[in-house]
Amino acid sequence: MKTRHASRLVCVGLGLALAACGHETDESELASPEHGSNQPKAIYLRDSNGSPMGLASANEVLVQYKLDANNADKKRVKDKVRGSRKNGVHSKVMKDNGEGELELVELPIDQTLEAALEDLKDDPALTFAEPNFIYQHTAVSNDPFFTNGSLFGMYGNTSTPANAFGSQAGEAWTKNQICNNGVYVGVIDEGIMTTHEDLVNNIWVNPFDPVDGRDNDGNGLIDDTNGWDFAANNRSVFDGPSDDHGTHVAGTIGAKGGNGKGVAGVCWSVTLISAKFLGQSGGSTLGAIRAIDYFTDLKRRHGLNIVATNNSWGGGGFSLSLKNAIDRANAAGILFVAAAGNGGSDGISDNNDTTPSYPASYTSSNIISVAALNNRGQLASFSNFGATSVDIGAPGSGIVSTVPSATSTSAYASFSGTSMATPHVTGAVALFASLNPGATAAQIKAAILGSAVPTPAVTGKCVTGGRLNLGDF
Ligand SMILES: [Ca+2]
Ligand SMILES: [Ca+2]
Ligand SMILES: [Ca+2]
Ligand SMILES: [Ca+2]
C-alpha cells in the first residue's frame, strides 16, 4: 500500500527532495503500565518579585544549623521534609565564627524545593535554609562559529557579536537563562549524528530499555536507545552523512555551548531524542505518525518532560490521520513546532492562508508555524507566510550548525530554509520550559508568540507580525 509522502524541507540551493517511499511497519501495541515520573535535576528559581535568581538543584536544600544544634535537632529538621543527609561542612572557620554545620539535605522525589524551604524557615535549630544553586562557568559562548560572526541566529542587539535580527539567545545566556537537561525535545526528521562532538552530551539514552535484545519498556521497539528509525524500522538513528538535515536541526536546538567547539544551540543543555522518519528519499505519513506517537507515548507512560517536537518537514495534502496524531500530542502537552514551508515546487514564498502547507497548516492548537528571516530581518525569498496560518518569523537563512562530514566525523555547515528557522523556535520552547517548570504547552506557546518583536517584513504576513525574541523570557 502506498502512503502519502512527506518530503523534507531541504536547504535552498540543494533542491527540494519530493520523493516517494512507503516504508510499511506494523503498529506496535502501547500497553505497559505507567512508570514514575522523571524529576528534573534542576529548576529555575525566581524571587517573590518574579526576578530571575538562577538554576538550583530541584531535590536538595542547604540548611545552616546554629552552633548549639544537637543530633535530635538535626533529625527533626530532616524529618520535617522527609529528607536525608547528603553531605555537610563544618569547617574550622565556620566554628570560629560561631556557626553550626551547613548540611546538604536530599529531598524525596515528591517534595518540592519551595515547600521544603517554607517548612524549614522558622525552625529554631536553623539560622536559615536555602536552595543549592547550580553555577555555570560562564554563559558567554566561546564557540568558534559564534565568536567569528557566523551564528547570527543566536545573536541579540547587545551580544558580542550583535545582530538585532537574531533570536536574542546570546542575551538570554548572559543572564544565565539557559536550558537544563530535564527538558526533552523530540526531533522528527532524518536521524541525528549522536556521536557529533557538539551534540553527544545532549543525546538521550533511554533508561527504560537497556540494550539486551528485548523490548523492556513494551513500546514495541527493541532497544530504542537514542530514539528510533521509523524509516528503516531499526534502532540506528544515525546512518551516515545523509542524516545531515536532522543533525543540523538538532544542533540549532541543542548544540553544546561554551565548550570551545563548533556552534552553540539555543539550549546548551537539553535532552534530544531522535525520531528518524525521513530516509534518503523522504518519509511517509505512517512514519510521521509513528514518530509523533513515539513521543506522546514516552511522555504519557514515563512522564518524560517532552515539551515539543521539531518538525522541519512538509509535503502532501491534508491527512486526517496525521492531524489526529498531532492532536494526541497536544493532549499530552507537547507542542508541535513546524516549518511554514519553502515555497513549493518553484521555491518562491507561498501564502499558506490560501495554499496550505502541511503539517504546519493543520489547525491543531499545539502547532507553532515558523517562517524564515535573513540576517537583515527580511523574509527569506523561499519562506512561506500567512497572516492567520503562520505564527512567527525566526532566523532561517545562512544558519550554521552541526552536520556529519562525508566520512561521518563531526563537521559544521551553513543551510537555509524554514527548516532552519523552526529549531530556533523549538529551542526557545525548551528554554522557556526550563525557566518556568510548571508552564503548560499553551502557556509556553503564548509566551513565545507574545514576546515576538514587531518586524516590518512579516507585518500582516504572520499571526504575531514579528520575529522570535527569547531574550525577554
Ligand atoms: Ca522499547
Ligand atoms: Ca532492551
Ligand atoms: Ca537506521
Ligand atoms: Ca559548541
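**A guided tour of the predicted model**

Select residues 285–302 to display helix α7, whose 18 residues reach 25 Å from the first C-alpha to the last, close to the 26 Å expected at 1.5 Å a residue. The expected span is 1.5 Å times one less than the number of residues. Helices (H or I, at least four residues) and strands (E, at least two) are DSSP runs, numbered from the N terminus.

This is a predicted model, in which local features need pLDDT of at least 70, side-chain atom pairs count only at pLDDT 80 or more, and totals for chains, interfaces and linings use all residues. Residues are numbered from 1 along each chain as its sequence is written, while chains are lettered from A and ligands numbered from 1 in the order in which they are written.

Is α7 buried or exposed? Of its 18 residues, 16 are buried, so the helix is largely enclosed by the rest of the structure. A residue is buried if 20 or more other C-beta atoms lie within 10 Å of its own, exposed if 12 or fewer, and partly exposed in between, with C-beta atoms placed from the backbone. Select Gly303 next: just after α7, this residue takes a positive phi of about 70°.

Move on to helix α6 (residues 244–254) and helix α9 (residues 418–435), which pack at an angle of about 40° with their axes 7 Å apart. Axes are lines fitted to C-alpha atoms, for helices over the stretch in contact, and angles run from 0 to 180 degrees between N-to-C directions. On the α6 side, select His245, Val249, Thr252, Ile253 and Gly254; on the α9 side, the contact includes Ser419, Met420, Pro423 and His424. Two residues are in contact if their C-beta atoms, placed from the backbone, lie within 7 Å.

Stay with α9: all 18 of its 18 residues are buried, so this helix is largely enclosed by the rest of the structure.

Now select Leu45, in strand β2 (residues 42–46). Leu45 is partly exposed, with 18 other C-beta atoms within 10 Å.

Buried residues make up 52% of its 473 residues. The chain averages a pLDDT (the predictor's confidence in each residue, from 0 to 100) of 89, and 89% of the residues score at least 70. Over residues 1–40, however, the pLDDT is below 50. Where pLDDT is low, the predicted coordinates should not be read in detail.
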